[in-house]
Amino acid sequence: MHLSTVTLVVAKTVMLVCGAVLTTLTYRAYSRTRSAAMRALTLGIGLVTVGGVLAGSLHQLAGVAVATSTAVESVFMAIGFAVMTYSLYADRPTNRETAH
């Protein structure tokens, strides 16, 4: 096994573990608060994590070309980051809610 393959597998494993922990923690926060922002953050982190792991799995286990697996990863990451960006704006009070 090449050093680059070992490095990729280790990096994807760390990404999976950290992503799973973050997704679990944000889901617990969402369960407590029922906040739309926490729900979106949970979904976004989950998408980024799944995209990274899926890309590595497609390449290593299914023999999919690197370019294709990278494209899959990029789509998941782009959508995940868009959802996380949305989470920063969810649950914000409107001007009518803050005016007395």
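User: Which residues does Thr-26 touch, not counting residues up to four places away in sequence?

Analyst: Thr-26 touches Met-38, Leu-41, Thr-42 and Ile-45 once residues up to four places away in sequence are set aside, where a contact means heavy atoms within 4.5 Å. Please keep in mind that this is a predicted model, in which local features need pLDDT of at least 70 and side-chain atom pairs count only at pLDDT 80 or more, while totals for chains, interfaces and linings use all residues. Residues are numbered from 1 along each chain as its sequence is written, and side-chain values use heavy atoms, with hydrogens and water left out.

User: OK, and where is Thr-26 found, and is Thr-26 buried or exposed?

Analyst: Thr-26 is found in helix 1, and with a relative accessible area of 10% Thr-26 is buried. Buried means under 20% relative accessible area, exposed means over 50%, and partly exposed is in between, using a 1.4 Å probe and protein chains only. Helices (H or I, at least four residues) and strands (E, at least two) are DSSP runs numbered from the N terminus.

User: What else is buried in helix 1, and what do those residues pack against?

Analyst: The buried residues of helix 1 are Thr-5, Lys-12, Gly-19, Thr-26, Ala-29 and Tyr-30, and they pack against helix 2 and helix 3. By contrast, Ala-11 lies in helix 1 but is partly exposed, with a relative accessible area of 42%.

User: How far apart are the end C-alpha atoms of helix 1?

Analyst: They are 45 Å apart, which agrees with the 45 Å that the 31 residues of helix 1 should span at 1.5 Å a residue; the expected span is 1.5 Å times one less than the number of residues.

User: How do the side chains of Glu-73 and Lys-12 meet?

Analyst: They meet in a salt bridge, at 2.7 Å from N to O, the term being used for a side-chain nitrogen of Lys or Arg within 4 Å of a carboxyl oxygen of Asp or Glu. Because Glu-73 lies in helix 3 and Lys-12 in helix 1, the pair ties together parts that are 61 residues apart in sequence. Both Glu-73 and Lys-12 are buried, and the structure holds one salt bridge.

User: Over to helix 3, then. Which residues are buried in helix 3?

Analyst: Ser-69, Glu-73, Gly-80, Val-83, Met-84 and Ser-87 are buried in helix 3. They cover an arc of only 100° around the axis, which puts them on the same side of helix 3, the arc being that of the directions from the helix axis to the C-beta atoms. These buried residues pack against helix 1 (3-33) and helix 2 (36-62), whereas the face turned away from the buried side carries the exposed residues Ala-67 and Tyr-86.

User: How many residues does helix 3 have, and what does it reach from first C-alpha to last?

Analyst: Helix 3 (residues 66-87) has 22 residues and reaches 31 Å, close to the 32 Å expected at 1.5 Å a residue.

User: What share of the contacts with a separation of 6 or more is between residues 24 or more positions apart?

Analyst: Such residues account for 63% of those contacts in the chain.
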